Amino acid sequence: MACASTSGSSSSTESCVLAVLEGHRDRVWHVCWANAGDTIATCGGDRAIKLWRKTTQGDRKYQCVETLEKTHTKTIRRCGFSRCDSMLASVSFDATTCVWERPRGEQQHELLVTLEGHESEIKDLCWSQDGELLATCGRDKSIWIWLKEIDDQFECLDVLQGHTQDVKSVLFVPGTRALLSGSYDNTVRVWNEHDDEWVCTQTLDGAYQGHESTVWGLCCDAEGSRVLSCDAEGMILLWRVVRGDTEIALELVSRNMVPTKAALYSVDWSPSGLIATGMADNSISLLQAEKAEGSPEDPGASRQVLKLVKEIRGAHDGDVNCVRFNPKDPGVLASAGDDEVVKVWDVGALIQ
Amino acid sequence: ERENVRRREEVPGLGSLASGAGPGTSAEDERELIDSIEVFEHIRDIADPEHPYSLEQLGVVSHEQIDVDDRGGKIEVRFTPTVAHCSMATLIGLCIRAKIMRVLPPRFKVKVELSKGSHSTEEAVNKQLNDKERVLAALENPNLLDLVNKCLAPTEC
């Protein structure tokens with residue numbers, strides 16, 4: 001079903017932009033927030049990671065405080081802070097993962113370790129909620145699970161094989177060691193852990209009413225009870241996380257199509273329940289999961305669908321590669337674009 | 001002459017669509033729209049990776065197989081390999097994409113596809129050519145980039 005439009009394109013979105021972060025010299029692929037909500041890390045085609053912090057002067061303005069470069073030799077595809085923000089991991093098309101650490105009391109990050117193992121481009125990473133595990137995935141069709149040891153070294157616990165094409169995204173389900181992955185092979189897979197080994201327990205493909213094109217992004221709601229996956233043909237699938245005694249499983253709730261059918265590169269769920277998407281048509285959409293209209297077959301209307309709250313056309317002058325809500329302040333959204341800039345948005349003003 | 005048109009578009013504030021100048025303004029009228037002929041001019045001389053001929057000479061590309069919507073910011077290029085099992089189809093598509101990325105304004109959304117029924121693995125090649133992550137990674141691969149640059153060399157401006 002299509003998202004019902006409740007508003008047209010906006011001509012006054014400029015006033016909703018809190019900050020435009022300029023400094024990258026190529027497309028920005030990814031943006032992530034520190035869990036404390038005070039710092040943004042961005043990375044992209046210029047092989048640099050930039051850290052931006054709110055300045056004390058002025059309201060909600062950001063300043064580039066650090067640039068980590070000359071380490072990765074190709075595009076840095078994604079980066080992510082560990083749970084306590086003490087470490088930042090980055091993955092690159094150069095087939096390496098770097099883990100950066102900010103020593104206690106220090107202002108700058110130092111390279112802690114470079115993890116090698118993937119054969120080719122690495123495309124995504126995810127830290128587990130307890131900060132112990134780091135998952136990476138990529139072009140070689142595999143997912144690697146790394147355990148952070150006491151001495152700050154990383155040991156590879158398992159290499160997950162099963163996808164038949166590039167793995168585009170990985171996500172630990174909050175509160176579990178279970179992992180979800182999305183791929184160029186059009187599937188979402190569920191991996192459950194037993195004794196440090198991950199087994200693929202579900203392969204959700206077209207036959208399961210799953211995706212029929214490349215799965216670009218995955219995200220979870222704050223409770224870890226619902227999952228969204230988005231694809232190259234403008235489909236967003238909403239899944240329920242079913243928790244058993246030792247395993248989790250995904251159950252399809254609804255299939256939702258963005259009206260423009262543009263490729264969806266990124267999806268994120270704010271702590272307050274709002275959903276954002278970053279798209280190939282330069283737009284960002286804000287959506288909400290709502291109960292479907294009660295049907296005769298489903299009088300309880302337990303089924304949820306996604307409704308369009310706001311479409312921001314021309315959010316960037318190029319593809320929107322990533323959208324991420326501030327984990328501490330759901331009223332703030334950051335986005336990264338092919339136009340080499342990162343924008344910070346006032347969500348409240350956008351949906352007014 | 002075509003290149004003059006290009007340069008004019010790149011001057012900030014002169015005929016730029018991004019400046020917010022609406023249709024009907026003088027800036028808009030002044031700029032010559034990019035059409036399929038112009039896109040063809042850019043890709044016709046790309047060398048075939050295997051033959052000493054250009055893509056135009058081999059009939060791989062033609063201006064009839066190009067659609068341009070300048071105002072909508074869309075370019076669609078279809079190409080026809082000389083044989084249906086051509087192992088170079090992906091490389092040819094990558095060359096076309098790389099050339100367009102290098103010479104035309106980034107505001108264009110570009111789709112490069114095999115013409116219908118022209119290749120035994122049409123769907124797989126099309127998927128790869130239109131996955132921007134795959135394309136950009138390929139262009140950072142030194143061996144592939146070298147091949148692409150060789151095919152583009154005669155037409156590089």
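These are legends for close-up views of a predicted two-chain model.

A quick note first: residues count from 1 along each chain as its sequence is written, and chains are lettered from A, with ligands numbered from 1, in the order in which they are written. As this is a predicted model, local features need pLDDT of at least 70 and side-chain atom pairs count only at pLDDT 80 or more, while totals for chains, interfaces and linings use all residues.

**View 1. Confidence across the model.** The overall scores are ipTM 0.92 and pTM 0.90. For chain B the mean pLDDT is 84, and 78% of the residues reach 70 or more. Residues 1-26 of chain B stay under 50, with 21 contacts beyond four places in sequence.

**View 2. Where chain B touches chain A.** Eight residues from chain B and nine residues from chain A make up the contact.

**View 3. Helix 4 against helix 7 in chain B.** Helix 4 (residues 89-103) and helix 7 (residues 142-152) of chain B pack at about 70°, axes 10 Å apart. Helices are DSSP runs (H or I, at least four residues), numbered from the N terminus; axes are lines fitted to C-alpha atoms over the stretch in contact, and angles run from 0 to 180 degrees between N-to-C directions. That angle makes helix 4 of chain B roughly perpendicular (65 to 115 degrees) to helix 7 of chain B. Leu91(B), Leu94(B), Cys95(B), Ala98(B) and Lys99(B) of helix 4 meet Leu147(B), Val148(B), Cys151(B) and Leu152(B) of helix 7. By type, that's eight nonpolar, no polar and one charged.

**View 4. Helix 4 against helix 5 in chain B.** Here helix 4 of chain B packs on helix 5 (residues 122-129) of chain B at about 30°, with axes 10 Å apart. So helix 4 of chain B is roughly parallel (under 35 degrees) to helix 5 of chain B. Ala89(B), Thr90(B), Gly93(B), Leu94(B) and Arg97(B) from helix 4 face Val125(B), Gln128(B) and Leu129(B) from helix 5. This contact has four nonpolar, three polar and one charged residue.

Conventions
Contact = placed C-beta atoms within 7 Å. Helix = DSSP H or I, 4+ residues; strand = E, 2+ residues; numbered from the N terminus. Parallel < 35°, antiparallel > 145°, perpendicular 65-115°, else oblique. Nonpolar A, V, L, I, M, F, W, Y, C, P; charged D, E, K, R; others polar. pLDDT = per-residue confidence, 0-100.
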